Amino acid sequence: MPDATTTMHLDKGLDNTVIGESTKSFIDGQQGVLEYVGIDIDDLARHSTFEEVVFLLWNDRLPTSEELAAFESELRAEYGLSDYMLQALAAIPADASPMHVVRTMVSTLALEDPDCNDQSYESERRKAVRALAKTPAIIAGFDRIRRGLEVVEERSDLNMASNFLWMLNGEMPGEASARAIDVCLILHADHGINASTFAAMVTIATQSDMYSSLTSAIGTLRGPLHGGANERVMHMLQSIGGIDEVEPFVMDCLTNKKKIMGFGHRVYKALDPRAKYLKTFAERIAEETGNRDLFVLSTTIQDVMDREVGAKGIHPNVDFYSATTYFSLGLAIDLFTPVFAMSRNAGWAAHTLEQHQDNRLIRPRCQYTGEHGASYVPIDQR
Ligand code: SDX
């Protein structure tokens, strides 16, 4: 029986399918280039701030100084969590996975949002501001509570990176650490139609809402083939006893077709420009802390992978050196992916708002390979 899909192409994984147009990120996988609204990621990492990058992604242009100040004020006014949210956070089991906590608590924001049933562009944007501004408090608050510590109140005189570290550690962060987190937030903010962004778009395309889109995205990011890789990179580094074990470890993985976490990419076949930047970060932090072991271990793994599979286009991705950077900054390993989500709220919201403005329900087909004309057999005859 001819199936509707006989006239269409099958593209499992959507490697070769363009689902629409976007002005947010440009990625050249062959050259290893990433631009946000046309500006190279390296320029943004060197000169911009996370808040300025969010404005860029949401408005398709850089802000004036007055616009940036106003946007920062809008975000800072939303840093805090309500008593309801704090009570919900305190009720979560201490051994819960922080990515499940982030997904659950971002979803919980919808329950008390006055705009919840307003699906205008302005309302969806306000929801995005709240989720972006409050995710740091969700992550830091849960980590404090699970450690048996008091929740630290937000500081609206600080930018998002510094306020996050303040709420997490209960002390003012050093300038280098605050800037390191700020740059990591810039580097992770957007990346075209990756799996979690696609999930957000599919959700808003049904005329659902921003919180539902972000919840879909957070759940998708968690997977080890996607944002969850950074935590697995750290566990991998810790499992390798020393430099001498790198070669046998990598060769065993490659021989047994086991994926090395933090390497490879669906789009990049050259080095991920974010990995290039994060590698310099990891090295600088290693120098400053005097603890080079993790960095040397990482570069040794990269050397072996470059020799064995570099020609196949398998290089470090954003998750490989972000692991060492976050660990050196004192973050708990299971907070690595939540910090990725804290940043990617910006890109998820940018694409959700873009889809909202020029929407069409996203509904692909699949090649039906089952039977036709099967009979219904009564249960007492099966
Ligand atoms: C992110 O899409 C995005 O933009 C995502 C992201 C973003 O900012 O949103 O960039 C963030 O998710 C980065 C990726 C993090 N994931 C990991 O580090 C997990 C390890 N990586 C792999 O699972 C893999 O590279 C993927 C999932 C990232 C991409 O896989 P593809 O495109 O489906 O490629 P594939 O699995 O078909 O592999 C092609 C070949 C295979 O060898 P052959 O069968 O052809 O001989 O490359 C090999 C694979 O075995 N390969 C690897 C490898 N990745 C691919 N071999 C060893 N180790 C790896 N990591």
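Buried area, as I use it here, is the accessible area, taken with a 1.4 Å probe, that two parts lose on being put together, summed over both. This is a predicted model, where local features need pLDDT of at least 70, side-chain atom pairs count only at pLDDT 80 or more, and totals for chains, interfaces and linings use all residues. Residues are numbered from 1 along each chain as its sequence is written, and side-chain values use heavy atoms, with hydrogens and water left out.

The domains, then. The assignment, which is automatic or from a database, gives domain 1 as 70-220 + 341-357 and domain 2 as 229-328. Their centres, over C-alpha atoms, are 28 Å apart. Ten residues of domain 1 and 11 residues of domain 2 make the contact, meaning heavy atoms within 4.5 Å.

Between them, domain 1 and domain 2 bury about 870 Å², with 73% of that on carbon and sulfur atoms. On the domain 1 side, Leu187, His188 and His191 supply 57% of the buried area, more than any other three residues.

Last, the ligand. A polar side-chain atom of Arg274 lies 2.6 Å from a ligand oxygen. For Lys259, the side-chain N or O atom is 2.8 Å from a ligand oxygen, and for His226 that distance is 2.9 Å.

Key. A polar contact is a pair of N or O atoms within 3.5 Å; within protein, one must be able to donate a hydrogen and the other to accept it, and residues adjacent in sequence count only if both atoms are side-chain atoms.
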